[in-house]
Amino acid sequence: MMQQPATGQVISSDWQRGLPVLTGKQVMLRELRVSDAAPLFAMLTTAEVSRFISPPPSTVEGFERFIGWAQRQRAAGSYACFAVTIKGFDTAIGIFQVREFEPGFTTAEWGFALGSPFWGTGVFEEAADLVLEFAFDTVGVHRLEARAAVLNGRGNGALRKMGAVQEGILRKSFLCKGEYLDHVLYGIVEDDWRAAKQPMQRVAVVERVH
Ligand SMILES: CC(C)(COP(=O)(O)OP(=O)(O)OC[C@H]1O[C@@H](n2cnc3c(N)ncnc32)[C@H](O)[C@@H]1OP(=O)(O)O)[C@@H](O)C(=O)NCCC(=O)NCCS
C-alpha cells in the first residue's frame, strides 16, 4: 500500500509490491516503466555517462528487458530501481538503484547515473537524499556500499558529498573497455547517516553538556 508522500517524505508499507513515489523540491522518483526505455537509452548511453560504469544496454529493446528484470527483482524483494524525473515532466532522465547483498537487505549497494544535461544542477543531491532515506528508513538497510572507478571524478565527488566514506581501493577490480581499473569502495553506515541528518540536535546536546 502506498500513501501520497509530502515533500521529502518517504511513506511506503510494502515497497516490494510497487516502489513508493519519492518527491523532493525539484525531482520525483518513481518505479521504472517500459516507456522509460527510449529516454533512458538516449540519456545513459552517451560516451560521458557510460565512461566509467558497467556498459548500459546498447538498444532501446535492451533497456525494455532491463526494466522488466528490475520489476521482477523488486517483486522478489532484492532490488529497487527508481526512474529520476523532474517534477511536472514524466520523462526519465536517469536511474538510482539499490541492490541487496545478502538475504534480509541489511547490507546493500547503490549506484546511479543521470543524463549529462542534468549534471551539476542539484538533481543528483536531491534524488540521492531521497534514495538514502528510502534505503535506511523504508527498506531497513544497515550498511550501504558503493563502488566508483578511481578515475571517475564526478562519481567520487558525488558519493563523498552524500557522506560516503572511502574504505579501500579494490585494485584492478573493474573491467572497463578492455582495461582493468581500480575501484574505490565507499560505505555509509546507518548510524552515521542518522547522526548527520540531525546536526542541529547534536549541537544542542553538545551545548547542554558544556
Ligand atoms: C554520478 C552522477 C550521477 C553525479 O551527478 P552530478 O550532477 O554530476 O553530481 P554533482 O555535480 O551534484 O556532484 C559531483 C561533485 O563532484 C565534484 N567533482 C566534479 N568533478 C570532479 C573531479 N574530477 N574530481 C573530484 N570531484 C569532482 C563536483 O564539484 C561536485 O561537488 P560539489 O557539488 O561539491 O561541487 C553523474 O555525474 C553521472 O551520471 N555520471 C555518470 C555515471 C556515473 O559515473 N555514475 C556513478 C558511478 S559511481
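The model shown in every view is predicted.

**View A. Lining of the largest pocket.** The residues lining the largest pocket comprise 25 nonpolar, 11 polar and 8 charged. This pocket holds about 1300 Å³ of space. Its lining is made of 44 residues, and those nearest its centre are Ile53, Gly111, Phe112, Ala113 and Asn152. Two or more lining residues come from each of helix H2 (47-50), helix H3 (60-75), S4, S5, H4, S6 and H5. The largest share, 7 residues, is that of H5.

**View B. The second largest pocket.** The volume of the second largest pocket is about 420 Å³. Asp129, Leu132, Met162, Trp193 and Lys197 are the closest to its centre among 21 lining residues. H4, strand S7 (165-176), S8 and helix H6 (190-197) each give two or more residues to this lining, and H4 gives the most, with 5 residues. The lining contains 8 nonpolar, 5 polar and 8 charged residues.

**View C. The largest nonpolar core.** This core has 39 residues; Leu29, Phe96, Trp110, Leu132, Phe134, Val141 and Leu144 touch the most other members. Among the elements that supply at least two residues each are strand S2 (27-31), strand S5 (107-114) and helix H4 (123-139). H4 provides the largest share, 11 residues.

**View D. Surroundings of Leu29.** Apart from neighbours within four places in sequence, Leu29 is in contact with Pro20, Val21, Leu22, Phe82, Ala83, Val84, Ala127, Leu130 and Val131. A second, separate core of 15 residues includes Leu32, Ala37, Ala83 and Ala113.

Definitions and conventions: Residues numbered from 1 in each chain as written. Predicted model: local features only at pLDDT ≥ 70, side-chain atom pairs only at ≥ 80, totals over all residues. Heavy atoms only, no water. Core = buried A, V, L, I, M, F, W, Y, C linked by side-chain atoms within 4.5 Å. Buried < 20%, exposed > 50% of the residue type's maximum accessible area, 1.4 Å probe, protein only. Helix = DSSP H or I, 4+ residues; strand = E, 2+ residues; numbered from the N terminus. Contact = heavy atoms within 4.5 Å. 1 Å grid on protein atoms, 1.4 Å probe; cavity = no way out; pocket = protein on both sides within 12 Å on 5 of 7 lines; lining within 4 Å. Points joined across faces, edges and corners; volume = space filled by probe spheres on them. Nonpolar A, V, L, I, M, F, W, Y, C, P; charged D, E, K, R; others polar.
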